Amino acid sequence: MDPLANPTTPPAAPVAPSQPADAGGDNLPDTWPGAFGLFKYSKQSIMTNLGTFLGSYAIFIAISIVLGILLGILKLNSLSRFASDLLSPLYALVATYIYLASSRGQKLTISQAFGKINLMLYLKMLGLMFLEGIIIIIGVLLLVVPFFFVLPRIILAPYYLIDKNLGIMESLSASWNDTKGHSGKIWGIIGAIIVMILPILTIVGIIATIYLLVMYSVAFALAYRFIAGHSSTAAAPSPQTPPAVPPVPAAI
């Protein structure tokens with residue numbers, strides 16, 4: 001019998017499973033490593049876009065200096081604080097985009113970071129920062145105790161606003177709901193930042209503090225992604241359609 005008379009079809013190559021968008025270079029830890037343990041992951045992340053981060057920061061410093069000079073020439077020094085407040089949401093948007101991309105191991109250029117900004121997004125960030133400020137001030141005025149309870153529950157709102165394209169109140173609500181039971185992680189990061197600031201008391205410590213804070217700058221972005229992925233809302237299974245009831249066989 002001719003072996004070529006009935007050729008067999010070669011087995012198809014196995015299809016590689018599809019990878020999530022965050023796969024490939026993702027710096028998110030599988031388990032929470034603790035506030036100080038997060039430093040390694042944050043450092044790996046920011047090194048992906050260190051030039052973009054430093055370049056963007058330098059641009060904002062240059063803009064602030066130019067604005068200060070212009071306002072001084074126009075004898076409008078009283079508006080310096082107002083101009084700084086208007087710049088803050090823009091910097092927050094650019095920095096947050098860089099942090100999120102870095103946490104996922106994605107390269108981002110300065111033009112790409114600035115190119116993601118539009119007027120509506122800027123206004124939403126401005127409104128969110130203003131509302132967060134009011135909430136924090138009220139918390140401090142109410143004998144400080146509410147401040148310690150509220151701050152870790154709303155601090156991740158900007159990441160929800162940008163990463164999930166939510167509105168102001170939706171971002172606050174998402175941050176509040178997802179951080180339930182995770183406040184200790186947020187306070188741990190804040191505590192680690194305070195410890196990193198302490199060396200600034202010495203001249204040599206200034207360099208150490210700058211280095212540590214830059215390397216730790218992605219910590220909140222990593223916390224946001226970890227907490228959002230482990231929240232009760234994210235973990236809740238989607239409702240399944242109940243199986244159809246098998247038809248009763250017709251009587252013969």
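**Entry 1: nonpolar patch**

I began with the surface and found a nonpolar patch of about 1100 Å², made by Y57, I61, I65, V66, I69, L70, I73, L74, L76, L79, F82 and L86. I took patches as residues with over 30% relative accessible area and no salt bridge, joining nonpolar side chains (Val, Leu, Ile, Met, Phe, Trp, Tyr) within 5 Å and like charges within 9 Å. Accessible areas are Shrake-Rupley values with a 1.4 Å probe, and for residues only the protein chains shown count as cover.

This is a predicted model, so I kept to pLDDT of at least 70 for local features and 80 or more for side-chain atom pairs, while totals for chains, interfaces and linings use all residues. Numbering runs from 1 along each chain as its sequence is written, and side-chain values use heavy atoms, with hydrogens and water left out.

Which helices supply the patch? I found that α2 (50-73) and α3 (80-103) each give at least two residues. The largest share, seven residues, comes from α2. I read helices (H or I, at least four residues) and strands (E, at least two) as DSSP runs, numbered from the N terminus.

I then looked up L79, a patch member. L79 sits in the loop between α2 and α3. Its relative accessibility is 37%, so L79 counts as partly exposed. My classes are buried under 20% relative accessible area, exposed over 50%, and partly exposed in between (1.4 Å probe, protein chains only).

**Entry 2: overall make-up**

I counted twelve helices and zero strands. The protein has 252 residues, of which 35% count as buried.

**Entry 3: largest pocket**

I went to the largest pocket next and noted a volume of about 900 Å³. Of its 25 lining residues, Y91, Y99, Y159, S217 and F220 are the closest to the centre. The search used a 1 Å grid over the protein atoms alone; a pocket is an open set of points with protein on both sides within 12 Å along at least five of seven lines, and lining residues have an atom within 4 Å of a point. The volume is the space filled by probe spheres set on the points, which are joined across faces, edges and corners.

Which helices line the pocket? At least two residues each come from α2, α3, α5 (119-141), α6 (145-154), α7 (157-163) and α10 (203-215). The lining divides into 21 nonpolar residues, three polar and one charged.

**Entry 4: salt bridges**

I found three salt bridges in the structure. The criterion is a side-chain nitrogen of Lys or Arg within 4 Å of a carboxyl oxygen of Asp or Glu. Side chains of opposite charge can pair when their charged atoms come close.

D26 pairs with R225, the closest N and O atoms being 2.8 Å apart. This pair links distant parts of the chain: D26 is in the segment before α1 (38-48), R225 is in helix α11 (residues 219-230), and 199 residues separate them. Are they buried or exposed? D26 is partly exposed at 27% relative accessibility. R225 is buried, with a relative accessible area of 8%.

R81 pairs with D85, with 3.3 Å between the closest N and O atoms. Both lie in helix α3, four residues apart, about one turn of the helix. R81 is exposed at 61% relative accessibility, and D85 is partly exposed at 37%.

D163 bridges to R104, the closest N and O atoms being 3.1 Å apart. D163 lies in helix α7 and R104 in the loop between α3 and α4 (110-115), so this pair ties together parts that are 59 residues apart in sequence. D163 is partly exposed at 28% relative accessibility. R104 is buried at 14%.

**Entry 5: backbone checks**

Most residues other than glycine have a negative phi. I noted K75, whose phi is positive, near 55°. K75 is in the loop between α2 and α3. At 72% relative accessibility, K75 is exposed.

N165 also has a positive phi, near 55°. Where is N165? I placed N165 in the loop between α7 and α8 (168-178). N165 has 56% relative accessibility and so counts as exposed.

**Entry 6: a last pair**

I looked up I197 in helix α9 (residues 183-197). I197 is partly exposed, with a relative accessible area of 36%. I197 and L213 are 16 residues apart in sequence, and their C-alpha atoms are 7.8 Å apart in space.

Methods: On a 1 Å grid over the protein atoms alone, a cavity is a set of points where a 1.4 Å probe fits but cannot get out, and a pocket is an open set with protein on both sides within 12 Å along at least five of seven lines; lining residues have an atom within 4 Å of a point. Ala, Val, Leu, Ile, Met, Phe, Trp, Tyr, Cys and Pro count as nonpolar, Asp, Glu, Lys and Arg as charged, and the others, Gly among them, as polar.
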